[in-house]
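Trainee: I would like to learn how to read a model like this one. Where do we begin?

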Amino acid sequence: MSDFRFDLISGGPSGPRLGRVHTAHGAFETPAFLPVGTQAAVKTLSPEEVRELGAQAILANTYHLHLRPGSGVVRELGGLHRFMNWNGPILTDSGGFQVFSLSELRTLTPEGVTFRSHLDGSSRFLSPELAVGIQEDLGSDIMMVLDECLQYPASFEQAAASLELTLAWAARCKEAWRGRNALFGIVQGGAYPELRLRSAAGLCAIGFPGYALGGFSVGEPPALMYDLVGATAPHLPADKPRYLMGVGTPRDLVEAVDRGIDFFDCVMPTRNARNGSLFTAAGTLNIRNAAHAADPAPIETGCPCAACRGYSRAYLRHLSLCRETFGLRLNTIHNLSYYQRLMAGMREAIAAGRWTSFRDGFRAAQTAKKD
RNA sequence: GUGGGUGUAGCUCAAUGGUGGAGCACCUGACUGUGGCUCAGGGGGUUGAGGGUUCAAAUCCCUUCACUCACC
């Protein structure tokens, strides 16, 4: 019997939804943003800090952890939760994104993917069954089926073939799944609404505890992604969570919640923080810009995060230019704080029945930034 | 004091008579199921100073200044 359950508190097959995802390691409120901890660490932060910033669940990666330290090591040490000292829900990506991001290093067959390890060049095979087995070894609460994350642009024929492969892999993953945790299917189909619906229907026929939308933010225009998400979401079961993989910008999150998405993961707040790009309600700022050289103001006035409470832009710029690790930490704390507060704001707006004004206010601020 | 060497972008250095460049630094931008990486643009010069030779001088000649090494 699985410990996984989704309670839809408000909303339906489309439009903004409020919910709660329950797992063996606790629950998280949706709409939610999951910080990315690919290698069993949210870069630069401790699990306690990630928790304090408001994150209730995080993401880790099957492919990376399988290569190093190895899923067997993690299993022997009591699973990912104990290994990294994070006792909340963990979602693991299957390695499907590495099919895309490491496309130079892999060959794809109906059986699975053969990677040339980016660490030592050795050959590593990943099949749907192995991906599930590794994720079970890791002990993740939400596992993802192995999929092919298709590049953009792709022809209709390419997207159709890719979709069929992912669908066949999804069926094999479900077959291999022992049912102790959750397994999510992944909708593919490129930029073709017709194929997205075909993919969604195929996955629903197999049946999963939750559904993800994959293959986005790979170079397509944002408006195209919004249209595709809006077209696909209503065709997924209303009582199952929807997860938009690898997305996105603050604007992406608001637009996707508006179209019925429940949760997200993205490297953007953490990676951009390390590169000096910081998110604020007034837009993004690059802390390395000379304009901040002697600026005593915090990143964002009124922000409750530790970086804004104690440190000036001038100091953060200095740390960033010096490449001090403390600067990476403070920037990451701010960006994750911003993302978590954005999600909390969305949940409150939906719960209070003022989603439309929240959304329109956000859009207006976005437009104002461009002028 | 004598003899030698070196003076070119913020720094380290290319360019041996024919439109003064590179790396780093600096300044902007990008980053979406993670490489802290990387990538794309940009600003920068009276070639220490002054004079001469030449169609043409960073480059050859003279003077001078600075730095540096060796020797009195």
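**Reading strands, core and surface**

Mentor: Begin with strand 11 (residues 182-187), which is mostly covered: 6 of its 6 residues are buried. Buried means under 20% relative accessible area, exposed over 50%, and partly exposed in between (1.4 Å probe, protein chains only). Strands (E, at least two residues) and helices (H or I, at least four) are DSSP runs, numbered from the N terminus. This is a predicted model: local features need pLDDT of at least 70, side-chain atom pairs count only at pLDDT 80 or more, and totals for chains, interfaces and linings use all residues. Residues are numbered from 1 along each chain as its sequence is written, chains are lettered from A and ligands numbered from 1 in the order in which they are written, and side-chain values use heavy atoms, with hydrogens and water left out.

Trainee: Which residues of strand 11 point one way, and which the other?

Mentor: The general idea: in a regular strand the side chains alternate between the two faces of the sheet. Here Ala182, Phe184 and Ile186 point one way, while Leu183, Gly185 and Val187 point the other way. All of them are buried.

Trainee: How do I read the partners of strand 11?

Mentor: Count bridges: two strands pair if DSSP finds at least two bridges between them. Strand 10 (142-144) runs parallel to strand 11, joined by 3 bridges. Ile142 has Ala182 as its bridge partner. Strand 12 (residues 210-213) is also parallel to strand 11, with 4 bridges. There, Ile186 stands opposite Ala212.

Trainee: How many residues lie between the strands of each hairpin?

Mentor: Strands 7 and 8 have 4 residues between them. Strands 8 and 9 have 6, and in that hairpin Gly121 takes a positive phi near 80 degrees.

Trainee: Is helix 6 mostly covered or mostly open?

Mentor: Mostly covered: 8 of the 11 residues in helix 6 (residues 128-138) are buried. Among them are Pro128, Ala131, Val132 and Ile134. Gly139 follows helix 6 and has a positive phi, near 80 degrees.

Trainee: Which residues touch the most other members of the largest nonpolar core?

Mentor: A nonpolar core is a set of buried Ala, Val, Leu, Ile, Met, Phe, Trp, Tyr and Cys residues joined through side-chain atoms within 4.5 Å. The largest has 106 residues, and Leu80, Ile142, Met144, Tyr243, Leu244, Phe263 and Phe264 touch the most other members. Helix 14 (residues 325-351) gives the largest share of this core, 10 residues. Contact means heavy atoms within 4.5 Å. Leaving aside neighbours within four places in sequence, Phe263 has contacts including Ile142, Phe184, Tyr243 and Leu244.

Trainee: Where is Ala154, and is Ala154 buried or exposed?

Mentor: Ala154 lies in the loop between strand 10 and helix 7 (156-176). Ala154 is buried because its relative accessible area is 13%. The C-alpha atoms of Ala154 and Gly190 are 6.9 Å apart, although the two residues are 36 residues apart along the chain.
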